[in-house]
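Keep the structure in view as you read.

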Amino acid sequence: MGILTDDMKRVVGQQRIGFVATVCPDGTPNLSPKGTAAVWDDDHLLFADLASPVTMDNLRHNPSVEINLVDLFSRKGYRFKGNAHIVDKEKEPELHEEIFQAYENGRRGVHQVRLPARAYVLIKVERALPLVSPAYLPGVAEMETRQTWAEYWAGVHQDRMELLEKGR
């Protein structure tokens, strides 16, 4: 059994946006949104390099990485720390093709992404910890938290739709 639990895999599989933290050459952090995070196996996560020149440059200098994925409605998720391995088409053509096919066809539970990836990043997860919002501190139940945030995001969506309609 690997480090990734069934619930961790569920959260990664359900979320369509996560945040990847890398270390810049000057030692400062870089945080970048990623919409391609996926579980590769019991010990590895994965994301595609679609338009991530700073993230990729940072990983070439320092493979330390953290990826956070949180359900916006439950306000719960996980933080995964580990080391990244850049899967380059020229250096590892078989693995690159296997990952490409997973994204192209939705294989291995990887959600489909049909955008051209420059490379893929395979993260060996060394540490995985839960993330829980302070919204739970006063003893609020998960269903109540989900309802609150579902209503909030529905309102944001409605406001945005009204603005778009006015812009026509």
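Start with D71, which lies in strand β5, residues 64–71. Strands here are DSSP runs of E with at least two residues, helices are runs of H or I with at least four residues, and both are numbered from the N terminus. The model is predicted: local features need pLDDT of at least 70, side-chain atom pairs count only at pLDDT 80 or more, and totals for chains, interfaces and linings use all residues. Residues are numbered from 1 along each chain as its sequence is written, and side-chain values use heavy atoms, with hydrogens and water left out.

Is D71 buried or exposed? D71 counts as buried because its relative accessibility is 9%. The cut-offs are these: buried means under 20% relative accessible area, exposed means over 50%, and partly exposed falls in between (1.4 Å probe, protein chains only). Setting aside residues up to four places away in sequence, D71 touches Q15, K76 and R146. A contact means heavy atoms within 4.5 Å.

Now move to L31. This residue sits in strand β2, residues 29–34. L31 counts as exposed because its relative accessibility is 58%. Beyond its neighbours within four places in sequence, L31 is in contact with F19, V20 and A21. V54 is 23 residues from L31 in sequence, and their C-alpha atoms are 9.7 Å apart.

Step back to the whole chain. How many helices and strands does the protein chain have? There are 4 helices and 7 strands. From the N terminus on, their order is α-β-β-β-β-α-β-β-α-β-α. The C-alpha atoms fill a box of roughly 50 × 45 × 40 Å along the principal axes. The chain has 168 residues, and 36% of them count as buried. Take the contacts with a separation of 6 or more: residues 24 or more positions apart account for 68% of them.

The surface comes next. The protein chain exposes about 10000 Å², and carbon and sulfur atoms supply 55% of that area. Accessible areas come from the Shrake-Rupley method with a 1.4 Å probe; for residues, only the protein chains shown count as cover. The chain carries 21 positive and 24 negative charges, and their mean positions are 2 Å apart. Lys and Arg count as positive and Asp and Glu as negative, while His and the chain ends are not counted. Each charge is placed at NZ of Lys, CZ of Arg, CG of Asp or CD of Glu.

Look inside. The largest nonpolar core has 23 residues. Such a core is a set of buried Ala, Val, Leu, Ile, Met, Phe, Trp, Tyr and Cys residues joined through side-chain atoms within 4.5 Å. L45, I67, F80, V121 and I123 have the most contacts inside this largest core. Which elements give two or more residues to this core? They are α1 (6–14), β4 (44–49), α2 (53–61), β5, β6 (76–87) and β7 (119–132). The most comes from β7, with 5 residues. Apart from this core lies another, of 12 residues, with L46, V87, Y103 and V113 among them.

Not counting residues up to four places away in sequence, I67 touches F19, V20, A37, L45, Y78, R79, F80 and I123.

Finish with the charged pairs. A salt bridge is a side-chain nitrogen of Lys or Arg within 4 Å of a carboxyl oxygen of Asp or Glu. The count comes to 6 salt bridges. One of them joins D7 and R10, at 2.8 Å from N to O. Both residues lie in helix α1, 3 residues apart, about one turn of the helix. D7 is partly exposed at 33% relative accessibility, and R10 is partly exposed at 39%.

Another salt bridge pairs K9 with D42, with the closest N and O atoms 2.3 Å apart. K9 lies in helix α1 and D42 in the loop between β3 (38–41) and β4, so the pair ties together parts that are 33 residues apart in sequence. K9 is partly exposed, with a relative accessible area of 24%, and D42 is partly exposed too, at 33%.

R79 forms a salt bridge with E66, where the closest N and O atoms are 2.9 Å apart. This pair links distant parts of the chain: R79 is in strand β6 and E66 in strand β5, 13 residues apart. R79 counts as partly exposed at 27% relative accessibility, whereas E66 counts as buried at 11%. E66, R79 and K81 are linked in a network of salt bridges.
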